[in-house]
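Here's a quick look at a few local features of this model, loop first, then helix, then surface. Have the structure open as you read.

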Amino acid sequence: MKTIDALKANTLAQQTELYIFSDGPSKGDEAKVQELRDYIVTITGFKKVHLRLQPENNRFENTSKANIQLTATHGRSIFMEDDIVTSPYFLEFMNTGLDRYESNKKVFSIGGYTRPISIPKNYAYDIYFSEVFCPWGLGTWKDRFDMCSTAIATWEPRFDKGLSSRLKYVGKDLARRYKSLCRPGLKNTDLMAKFDLVATVVMLQRQMYSVLPCQTMIENIGLDGSGLNCNANDERFIRQFDPDYRPEKFKDEAFLDPRIGREVYLQFSFTKCKGPLMRRFYLLVRSLNRAFAR
């Protein structure tokens, strides 16, 4: 309900078609799913509301089919899970990004979430380009989504040392997680469960970026312990957004600002913030690793 209420408060809500995909119940959850479905039929405040009530419980397959259907129908989509609360300007930001970067083949997606990184004081824009895929509040196009679908369908689970080194330079945690994609017997559902990492790999291989706001425009309320994949005690995650933040200064040339790249590295490498001296040490080690890897 919080997710829908926040979306209804968006500036573009009444111009937006809302698709709701309700997964079928797992055993014992029939009453809860029915309660949810009784609620979603009452939703108003959007241009149109489309309900897709899935008969079976298969989160990864149903999520994939939802994205395939939306991008095939509209050529693009804005996808959110049910524990995302958005700022009033979220839909405006996403639509502006989808319009502005559709023909820019260096841009893979638009994301609504930004970790608590330090943006340089003299940085002149309200967005930046990231080498890491953002799954929380996601906007993308059919051709970009198809890249991930193809990667999953043709994935060969063998360890690529060069790719691992590139991931380690972006964030040590990404390289650690990459090892889980290299084990024998990997299934498509395993890859779908790690879609954000697969998408990051696709982006690195194709030298593409995600466009992110300099301040987060979503809050993940699943961080209260109810979410599936997030640690509520991880200080790298932002809990709240500024409801008055409205990105206006976009940049067209897609490239990674090295100062922001260093901040992203620290965020995707350590669960605890580092002091100034330790930051310098780890960034120096990062640079040396990059130099020796070439």
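## An exposed loop residue

Q207 counts as exposed, at 53% relative accessibility (buried is under 20% relative accessible area, exposed over 50%, partly exposed in between, with a 1.4 Å probe and protein chains only). Q207 sits in the loop between α9 (195-206) and β8 (209-213); helices (H or I, at least four residues) and strands (E, at least two) are DSSP runs, numbered from the N terminus. Its phi is near 55°, a positive value in a residue other than glycine.

This is a predicted model, so to speak of local features takes pLDDT of at least 70, and side-chain atom pairs count only at pLDDT 80 or more, while totals for chains, interfaces and linings use all residues. Residues are numbered from 1 along each chain as its sequence is written, and side-chain values use heavy atoms, with hydrogens and water left out.

## A mostly covered helix

Now for α10 (residues 258-267): seven of its 10 residues are buried. They are I260, G261, E263, V264, Y265, L266 and Q267. At the start of α10, a side-chain oxygen of D257 comes to within 2.9 Å of the backbone nitrogen of R259.

## Two helix residues at the surface

What about F292, buried or exposed? F292 is exposed, at 71% relative accessible area, and belongs to helix α11 (residues 276-293).

K168 is in helix α6 (residues 161-170). With a relative accessible area of 40%, K168 is partly exposed.

Key. A polar contact is a pair of N or O atoms within 3.5 Å; within protein, one must be able to donate a hydrogen and the other to accept it, and residues adjacent in sequence count only if both atoms are side-chain atoms.
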